[in-house]
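Please open the model in your viewer and keep the selection tool at hand.

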Amino acid sequence: MARLASLLTSALAIFGVNAASSVLDLIPSNFDDVVLKSGKPALVEFFAPWCGHCKTLAPVYEELAAGFEFAKDKVVIGKVDADDHKELGRRFGVQGFPTLKWFDGKSDTPEDYKGGRDLDSLTAFIREKTALKPKTKKAAPSQVEMLNDSTFKKSIGGDKDVLVAFTAPWCGHCKTLAPIWETLATDFASEPSVLIAKVDAEAPNAKATAQDQGVSSYPTIKYFPKGSSEAIPYNGGRSEADFVTFLNEKAGTHRAVGGGLDATAGTIAALDSVVSKFTGGAGLAEVAEEATKAAAGVKDKYAEYYVKVFGKVKDNEGYVEKELKRLAGLLKKGGLAPEKVDDLISRSNILRKFTSDQGKSEL
């Protein structure tokens, strides 16, 4: 269910529907009433959209807020875009991002939060301040594959692209990475050729692997292309979006943040060029015949779908618009298996190639 919810969230985002957040957005017009005068304590994150550390913290902070959602009448978990609302950042002496401050709900003198940025540390801080215990949903089964000395070599160099995080139980940065890594693994759960893995580098049954890989700091992240045992070090950002972008580039996938598919999934460049002739004014019969010939030489399950669409357009000029609306309705209705969601998004992407506004990501 967690996997399906994640996919549906991404699918709805493509069609202009945003999922609700448990973190309260604070702006100059509501900040004083919510944070300073409400009588409720508040943990406030001052962030900037371009900040890498802020992107890394975002899913952790969201999970923190969700855990205390039941007690929103007793404690506030909020955030301020201090790049957009610089006056609020200056007002409270914010000099870097992310900065977290604790307000008691009665005064304008906050306490700087200096603890760890992992979920456990943030939760413990709020519990200490409020005596509230978070309510967490039962965790979905992990999609992260734990590897050790006996399974590592079996998983590397085969028919899967593998992204591995070498971690240590005591490492603060590893704790911050953990929920992002779980989310990433869920995002790629429907990709049979991609494996998101982890190695506890200090576990007795995995130390030899970590040593063989030259791991000396945590977390160390390495990418192993399918068919190769030679690692490519990962030195990019550590947000979900950063990892998704990296894997799409390396593994040739089309995943989006949240586990859905991006706007290019399902599309085939060779056939897109044929469709562009049609949208550019070329004759339907001539282009449809060219598409049929091009599809015959493409080994992709969606090649025939292009041909099908041409056939439908020949019989019904308004087919593309009607079919896009129908598929959007199915996605919004929900209750679909993840594979079906992927298929609907892929077909929608192809259909949009047949429209004059094909560059847009919405219907």
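In which sense do β6 and strand β8 pair, and over how many bridges? Please note at the outset that this is a predicted model. Select β8, residues 194–200, together with β6: the two strands pair in the parallel sense, and two bridges join them. Next, highlight glutamate 145, whose bridge partner in β8 is alanine 197.

Is serine 276 buried, partly exposed or exposed? Its relative accessible area is 35%, so serine 276 is partly exposed. Display the side chain of serine 276 as well: one of its polar atoms lies 2.5 Å from the backbone oxygen of serine 273. Then draw a distance from the C-alpha atom of serine 276 to that of lysine 137; the separation is 48 Å, and the two residues are 139 apart along the chain.

For the last stop, turn to the second largest pocket, which holds about 430 Å³ of space. It is lined by 19 residues, and those closest to its centre are Glu191, Leu261, Lys301, Tyr302 and Ser346. Colour the lining by class to see four nonpolar, eight polar and seven charged residues.

Methods. Residues are numbered from 1 along each chain as its sequence is written. This is a predicted model: local features need pLDDT of at least 70, side-chain atom pairs count only at pLDDT 80 or more; totals for chains, interfaces and linings use all residues. Side-chain values use heavy atoms; hydrogens and water are left out. On a 1 Å grid over the protein atoms alone, a cavity is a set of points where a 1.4 Å probe fits but cannot get out, and a pocket is an open set with protein on both sides within 12 Å along at least five of seven lines; lining residues have an atom within 4 Å of a point. Grid points are joined across faces, edges and corners, and a volume is the space filled by probe spheres set on the points. Ala, Val, Leu, Ile, Met, Phe, Trp, Tyr, Cys and Pro count as nonpolar, Asp, Glu, Lys and Arg as charged, and the others, Gly among them, as polar. Buried means under 20% relative accessible area, exposed over 50%, partly exposed in between (1.4 Å probe, protein chains only). A polar contact is a pair of N or O atoms within 3.5 Å; within protein, one must be able to donate a hydrogen and the other to accept it, and residues adjacent in sequence count only if both atoms are side-chain atoms. Two strands pair if DSSP finds at least two bridges between them. Helices (H or I, at least four residues) and strands (E, at least two) are DSSP runs, numbered from the N terminus.
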